[in-house]
Amino acid sequence: MKTEPLFNQKKLFRSIILTVFYSLFFTVNINAFGRALPDSIPLKVLVLGNSIAWHGAKPAVGWKGNWGMAASAAEKDFVHLLKGKVKATSPQTEFQWANIADSFERKFWKYESKDFKKFSDWNPDLIILEIGENINDTLAVKHMLGEHLDRFVKELSAGKQVKICLAGSFWPNQHVDQIMKAACARNNWIYVDLQGLYEDRNKNTAIQHYQNKGVGMHPSDAGMEQITNRIWNEIQHLFK
């Protein structure tokens, strides 16, 4: 009769010790996992965009640059400006960028996954997509842009926990922006609203500097800086 309470006490004590042990074990592992992935500073940044991000020379339309179209110099386009801000905070971070207007934007519902394997193989930690301008507003609804964005990002991430930033359209594009906002809310991605910049065309576009309308409607140096600042405002916390 006297041994049963003692046995129960020992059993209870052992149970408490095991509970504390496993709690500490899993807490340590969860915290380590958190530092390694969600809270780590991105060391590889991939920017995939269109001609605003990069466009080779096209003399036929008066464009002689080899950087973000309509910027007066490479260091004035938004990719280089953004890279400068990131490097000032995180010098070890690497950058890659590319124009995917023809390979994704204009045919997002039938793009070829193999065309983007080189980007996923690079294992980026942060992917910035600046891809709204060449997506037809009607086709964005008809071909369910949101579903293809989910698939595209999943493939680019290649199973890794990657931070995603989606920039809306510099040019007015109502449905595209709405779909992008919804995708960001659904997936906990970062959304950057660029609406309103194009309204001040004399300042934020290069329309006064190029005879060709297609080139001139691209962001001027001031417009590029505005795009940079809006993106940086939303992602700078990742580099602290």
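Author: Start with a polar contact: a pair of N or O atoms within 3.5 Å; within protein, one must be able to donate a hydrogen and the other to accept it, and residues adjacent in sequence count only if both atoms are side-chain atoms. This is a predicted model, so local features need pLDDT of at least 70, side-chain atom pairs count only at pLDDT 80 or more, and totals for chains, interfaces and linings use all residues. Residues are numbered from 1 along each chain as its sequence is written, and side-chain values use heavy atoms, with hydrogens and water left out.

Reader: What makes the pair Asn 134 and Glu 105 a polar contact?

Author: Their side chains come to 2.8 Å. The limit is 3.5 Å, so the pair qualifies.

Reader: Where is Asn 134 found, and which residues does Asn 134 touch?

Author: Asn 134 sits in the loop between β3 and α4 (137-142). Helices (H or I, at least four residues) and strands (E, at least two) are DSSP runs, numbered from the N terminus. Leaving out residues up to four places away in sequence, Asn 134 touches Asn 50, Ala 101, Glu 105 and Arg 106. Touching is contact: heavy atoms within 4.5 Å.

Reader: Why is Asn 134 called partly exposed?

Author: Buried means under 20% relative accessible area, exposed over 50%, partly exposed in between (1.4 Å probe, protein chains only). Asn 134 has 22%, so partly exposed is the label.

Reader: Why does Phe 116 count as buried?

Author: Phe 116 has 5% relative accessibility, under the 20% limit, so Phe 116 is buried. Phe 119, at 7%, is buried too.

Reader: What makes Phe 116 and Phe 119 a tilted aromatic pair?

Author: Rings of Phe, Tyr and Trp (its six-membered ring) pair if their centres lie within 6.5 Å; planes under 30 degrees apart count as stacked, over 60 as edge-to-face and the rest as tilted. Here the centres are 6.3 Å apart and the planes 35° apart. Therefore the rings pair, and the pair is tilted.

Reader: How do you know that the buried residues of α2 line one face of the helix?

Author: The buried residues of α2 are Phe 78, Val 79, Leu 82 and Val 86. Seen down the helix axis, they fall within an arc of 95°, so they line one face. The arc is that of the directions from the helix axis to the C-beta atoms. Their cover includes β1 (44-49), β2 (94-99), β3 (126-130) and α9 (221-235).
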